[in-house]
Amino acid sequence: MTPATIPDDMLAIEITKPGGPDVLTPVRRPVPRPGPNEVLIRVAAAGVNRPDVLQRMGLYPPPPGASDLPGLEVAGEIAALGPSVSGWNIGDKVCALLPGGGYAQFALADAGSCLPVPKGLSPEEAAALPETVFTVWANVFDDARLQPGETLLVHGATSGIGVTAIAMAKAFGARVLATAGARAKCDAALTLGADAAYLYDEEPWDEEIAKSGGADVVLDMAGGDFLARNLACLNPGGRHVSIAFLRGAEAPINIFAIMQKRLKLTGSTMKARSLAEKARLAADIRTQVWPLLESGAMAVKIDQLFPLADAAKAHEHMEKGGHIGKIVLKAV
Ligand SMILES: NC(=O)c1ccc[n+]([C@@H]2O[C@H](COP(=O)([O-])OP(=O)(O)OC[C@H]3O[C@@H](n4cnc5c(N)ncnc54)[C@H](OP(=O)(O)O)[C@@H]3O)[C@@H](O)[C@H]2O)c1
């Protein structure tokens with residue numbers, strides 16, 4: 001492919017104003033031009049993530065300088081290279097973590113945030129990877145240092161993050177405990193490889209986990225009343241990583257429990273990390289996670305595909321909360 005085949009404009013999904021799924025509007029936009037160290041990707045598929053819903057509602061703006069279009073991950077083919085890009089060529093099949101702009105037929109990515117499409121995976125599967133794999137890798141493995149044989153507790157078992165955390169932690173030889181809000185979701189978590197799954201509103205999951213060996217790492221998207229319960233089932237030396245606070249941003253903490261068990265509490269957002277940090281994570285993911293995907297030790301769980309123009313329907317589907325795994329937009 002040559003740059004000459006790149007059209008002047010493209011289909012993109014704009015957030016016309018903060019609001020419900022209906023504010024996601026198909027529009028024509030100029031195809032963006034890559035700047036220094038950027039590549040232009042002809043998008044085959046784009047992943048949908050909960051942070052896109054928050055952005056649409058006006059609660060999670062894109063970082064300064066990023067596209068105003070939603071979309072944190074895509075897969076496709078490199079259509080053009082910006083100045084000083086090395087290591088990538090026009091025509092390479094890649095997937096990429098983006099600060100925004102994925103809901104479009106073309107998207108810009110920093111060269112360091114791109115990874116090759118893993119061998120044997122479809123563009124839709126590859127598009128479902130970057131946001132959750134970078135997030136789980138950065139928090140569970142890079143920060144919290146989950147080790148083979150240790151136990152991970154993950155809430156939101158069937159969320160995009162949850163299915164990725166289960167698949168990655170099992171492929172790395174950890175024991176995985178999960179919670180979900182419905183029995184069918186607990187069953188799905190077990191099918192995906194979790195060693196045990198608890199109905200979070202009905203079962204005393206913290207007591208049961210503490211009685212059955214405890215957890216070494218908690219990946220928490222709940223916060224609120226779950227925080228004390230998470231700390232109660234962490235083992236000595238345990239690590240607690242917050243990536244969201246669906247049950248509340250504030251929670252009382254028993255400082256004595258932290259002292260007694262030498263617990264470490266941390267948290268992060270992926271969007272705010274520097275490009276250099278994302279490039280470092282991408283390099284580690286390429287060597288540590290990509291072989292697991294290519295060998296089949298780790299699988300991608302897709303719930304449903306939607307055409308790009310139906311992004312509003314994809315968001316409605318996510319907000320109904322019945323999905324198990326990733327929701328993906330097909331751009332071609
Ligand atoms: N910090 C970061 O870098 C980062 C990056 C990506 C995502 N995130 C966050 O991670 C979370 C998951 O993202 P996603 O894209 O995977 O979303 P998703 O597929 O839409 O999943 C959302 C999950 O939240 C759970 N949930 C909702 N309300 C809950 C509640 N009151 N108590 C317990 N669980 C509840 C749901 O579990 P049930 O259906 O079983 O109730 C569901 O599994 C989101 O909050 C997102 O903002 C953070």
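This is a predicted model: local features need pLDDT of at least 70, side-chain atom pairs count only at pLDDT 80 or more; totals for chains, interfaces and linings use all residues.
The domain assignment divides the protein into domain 1, which comprises residues 3-129 together with 273-330, and domain 2, which spans 133-267. Between the C-alpha centres of the two domains the distance is 27 Å.

The contact between them can be described first by residues and then by area. On the side of domain 1, 25 residues are in contact with 17 residues of domain 2. The size of an interface is often given as the accessible area lost when the parts come together. For domain 1 and domain 2 this buried area is about 1,700 Å², with 74% of it on carbon and sulfur atoms. Of the area that domain 1 buries against domain 2, Ile285, Met298 and Ile324 supply 24%, more than any other three residues.

Across the interface, the rule finds 2 salt bridges. In a salt bridge of the model, the side chain of Arg280 meets that of Asp142, with an N to O distance of 2.7 Å.

The secondary structure on the side of domain 1 that touches domain 2 may now be considered. Two or more residues each are given to this side by α9 (275-288) and α10 (290-295). The largest share, 7 residues, comes from α9. By class, this side of domain 1 has 13 nonpolar residues, alongside 6 polar and 6 charged ones.

Key: Residues are numbered from 1 along each chain as its sequence is written. Side-chain values use heavy atoms; hydrogens and water are left out. Domain bounds come from an automatic or database domain assignment. Contact means heavy atoms within 4.5 Å. Buried area is the accessible area (1.4 Å probe) that two parts lose on being put together, summed over both. A salt bridge is a side-chain nitrogen of Lys or Arg within 4 Å of a carboxyl oxygen of Asp or Glu. Helices (H or I, at least four residues) and strands (E, at least two) are DSSP runs, numbered from the N terminus. Ala, Val, Leu, Ile, Met, Phe, Trp, Tyr, Cys and Pro count as nonpolar, Asp, Glu, Lys and Arg as charged, and the others, Gly among them, as polar.
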